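Hi there,

Here is the structure I promised to pass on to you. Have a look at it first, and then read on for what turned up in it.

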Amino acid sequence: MSFVILSNNKVEDGIVANEGTMDKPFAFKNNLSSTYEIPANSEVALQSAKVNLDGSIIVGKDNRVFYAWFGRLLSRNASLSTLSDIDQTINTPIKITLAEDQAGFLKISPPDLAPYLQEELSTKLYHPQLVNKVSVDSKYVTGKWSGYDINVSQSRADPLVNYIPATNTAVDAYDERVRDGTFAAEWTYDGGTGVFNVASQNTEDEIAAASFDVPPLTNKQAVFQVDITGVVGANATESVVGLSRDATVLTGATGNYVYPGHIEMEASHGRFIEERLPRFLLDGTAIDGTPDWCSCYFDYGAVFQRNGAALNLRLYHCVGNDDNDLLDFQAGSWEMQEMNYTVVGGLALYNYDWVTNTDDYEKIKWTVSGDEVILSIIDRAAAETVLMNYDKTRNLDENLCPVEQGRWSMFPVLGIYNYENAVGQFDRSLTMETWNGSNATMANWANNPDVFGWVENPDATWNRRIDEDNFSPFISAALSTRIPLDYSGGVGASPYEYETVDATTPFNYKLFQPNLIVMPSDLYEPSNQASMANILGFPQTPVAFGSVPDVATGIYVITSASVPNMVSIKSIFVRLDNLTTQSVNAKVGSLSRIIGHLPRHVESDVSNYGPMYLEASNLIYVKLNNPSPIKLQSFDVSLVFLDETYATNLVGSTVICLHIRKSTD
């Protein structure tokens with residue numbers, strides 16, 4: 001029998017660096033002054049170990065994911081004023097991968113994790129009122145670190161600031177060839193005046209349309225207002241003023257096809273691309289209610305439509321319709337559908353003739369307040385008439401669809417269609433007067449849309465981000481056919497109560513609040529990869545709820561329920577690299593030279609880092625498989641994680657004690 005003591009340091013309380021030395025605390029070699037002989041048919045056991053944990057945690061592939069939620073609360077408790085099924089909501093959990101750009105893993109002390117949490121939440125909570133509005137602080141109680149305070153502000157600048165889009169932000173909303181520079185646009189836009197003008201005679205019988213690569217509309221009573229005097233009246237023009245998620249354009253053999261930018265449009269299952277769009281059935285026939293000329297995409301559109309010699313205002317929105325089968329043979333998809341606004345404005349306004357325009361209406365005004373989208377018209381005397389707003393007592397098909405998570409980021413759309421190209425007919429314009437964009441929080445985008453905007457950056461908007469992690473195929477399409485968004489029935493009041501915003505500072509959402517899903521939840525799905533409950537201080541708690549917001553600031557605080565576990569959850573194993581042991585590491589699927597595990601039980605906060613003395617209560621011997629004696633000049637030792645990478649959270653001196661004996665069988 002032999003008792004062998006191994007260490008990376010001759011002086012146990014000496015300082016040992018983790019870099020620039022062969023004697024690291026997790027990988028070292030003990031050279032022997034004379035040859036050491038191990039008898040034939042021997043076996044070895046790990047008897048004890050002393051390691052020194054540096055107090056850091058390892059954030060790696062198995063514990064770096066959590067999910068954020070901004071929406072109505074979900075609960076199985078029917079007595080609570082909440083929803084019980086995610087299909088009753090218009091939201092989906094937002095997957096956040098911590099320090100995703102760090103190769104392999106991130107080794108860090110728990111308090112130093114706060115900036116990483118703040119960075120990810122500030123950019124991935126991609127709601128116009130939440131982006132760059134998150135701060136994460138390390139909290140201390142009587143001088144002792146005790147977890148995190150995650151502060152989520154949804155405050156709005158007051159008063160709202162008008163950001164008329166700059167000239168260079170205008171993007172063709174109909175023809176991809178204009179976007180890629182192959183064709184010249186047949187419209188002009190002046191950011192100084194806000195005038196969108198169709199000044200080309202070539203646009204006869206073809207829509208000229210533009211959207212804008214600007215920070216999206218603020219969703220707290222923000223306004224998009226357009227002067228329409230250039231398109232109404234006695235002329236041969238039709239037009240659209242709308243709000244839209246960013247849209248992608250595909251120019252095909254049979255025409256242009258416009259669809260939300262986040263849908264992957266590769267031709268799969270042997271089907272043509274144009275047959276899978278929100279505007280077409282499988283046989284290629286159009287299903288939307290908009291006139292043929294109005295072929296630019298929008299989520300909400302006020303359309304001036306010719307009716308013989310008259311010009312009428314029609315209201316359209318893009319809704320879910322569970323009767324359609326448009327995407328990869330899945331039941332349900334989008335449909336452009338007309339909204340009957342006479343439930344608010346009356347039949348007279350529905351049939352009002354905008355050619356004569358006897359009441360001198362001059363402007364179209366869109367207002368967004370939480371889930372609610374409001375359409376108004378304004379006359380020459382600045383009197384406002386509401387054509388459509390939200391009323392929970394109406395039938396489903398008598399309300400505009402709510403702003404679901406795929407439409408958190410909305411942009412202006414302006415389009416003009418000419419029936420004639422005679423002088424005085426083709427030179428028509430729409431003038432953008434008000435756009436309450438989120439420039440204040442999205443400074444990078446506002447200053448450099450060519451890099452940070454939705455044209456170049458696939459992460460810029462929620463309708464692009466929502467599918468990127470492949471939670472499930474076409475989850476954003478599935479959102480459109482959830483209970484609050486499925487307009488295929490259209491009868492009865494909607495079971496979903498739209499979220500609205502307080503009318504005064506700080507303009508809080510009334511029902512929505514931010515939560516974190518830190519371990520898999522059967523309510524907040526999909527969240528199957530959530531793995532940060534212990535690290536964030538919510539042990540055995542799937543959902544970390546925010547507090548009631550501060551009345552003055554509108555700030556929600558999500559605070560650690562307990563002191564986060566500062567011990568790395570990773571197991572540490574001892575490996576003898578130059579002996580002939582043979583164990584099996586089934587996790588990595590191979591043979592191994594691991595001889596033992598270092599289990600530890602933490603009794604208190606003071607024992608979860610620093611020196612730890614570990615001794616096996618029952619020695620497990622591993623055969624050396626040596627029919628002949630082994631002569632050693634050194635012992636090569638490694639301390640590794642389960643995947644057999646080095647346990648880099650060890651510092652200082654490591655001491656390993658082995659027991660070697662002749663095999664008993």
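The largest pocket has a lining of 19 residues, and A170, V171, D172, R179 and V455 are the ones nearest its centre. Please keep in mind that this is a predicted model. The space inside the largest pocket comes to about 450 Å³.

Which elements each supply at least two residues of this lining? They are the strand β10 (170-172) and the helices α2 (176-179) and α6 (449-452). Sorted by class, the lining of the largest pocket holds eight charged, seven nonpolar and four polar residues.

The other thing to show you is a sheet. Three strands make up this open sheet, in the order β8-β9-β28, and their pairing is antiparallel. At the edges are β8 (134-141) and β28 (555-559), each of which pairs on one side only. On average, neighbouring strands of the sheet are turned by 30° against each other, ignoring direction.

How many bridges join β8 to β9? There are eight, and β9 covers residues 144-153 and runs antiparallel to β8. In general, the strands of a sheet pair through hydrogen bonds of the backbone.

A helix belongs in this picture too: α1 (residues 114-124) packs on the sheet and touches both β8 and β9. The direction of α1 makes about 155° with that of β8.

Enjoy exploring, and write back whenever you like.

Best wishes

How values were computed:
Residues numbered from 1 in each chain as written. Predicted model: local features only at pLDDT ≥ 70, side-chain atom pairs only at ≥ 80, totals over all residues. Heavy atoms only, no water. Pairing = 2+ DSSP bridges. Helix = DSSP H or I, 4+ residues; strand = E, 2+ residues; numbered from the N terminus. Axes fitted to C-alpha atoms, helices over the stretch in contact; angles between N-to-C directions. Contact = heavy atoms within 4.5 Å. 1 Å grid on protein atoms, 1.4 Å probe; cavity = no way out; pocket = protein on both sides within 12 Å on 5 of 7 lines; lining within 4 Å. Points joined across faces, edges and corners; volume = space filled by probe spheres on them. Nonpolar A, V, L, I, M, F, W, Y, C, P; charged D, E, K, R; others polar.
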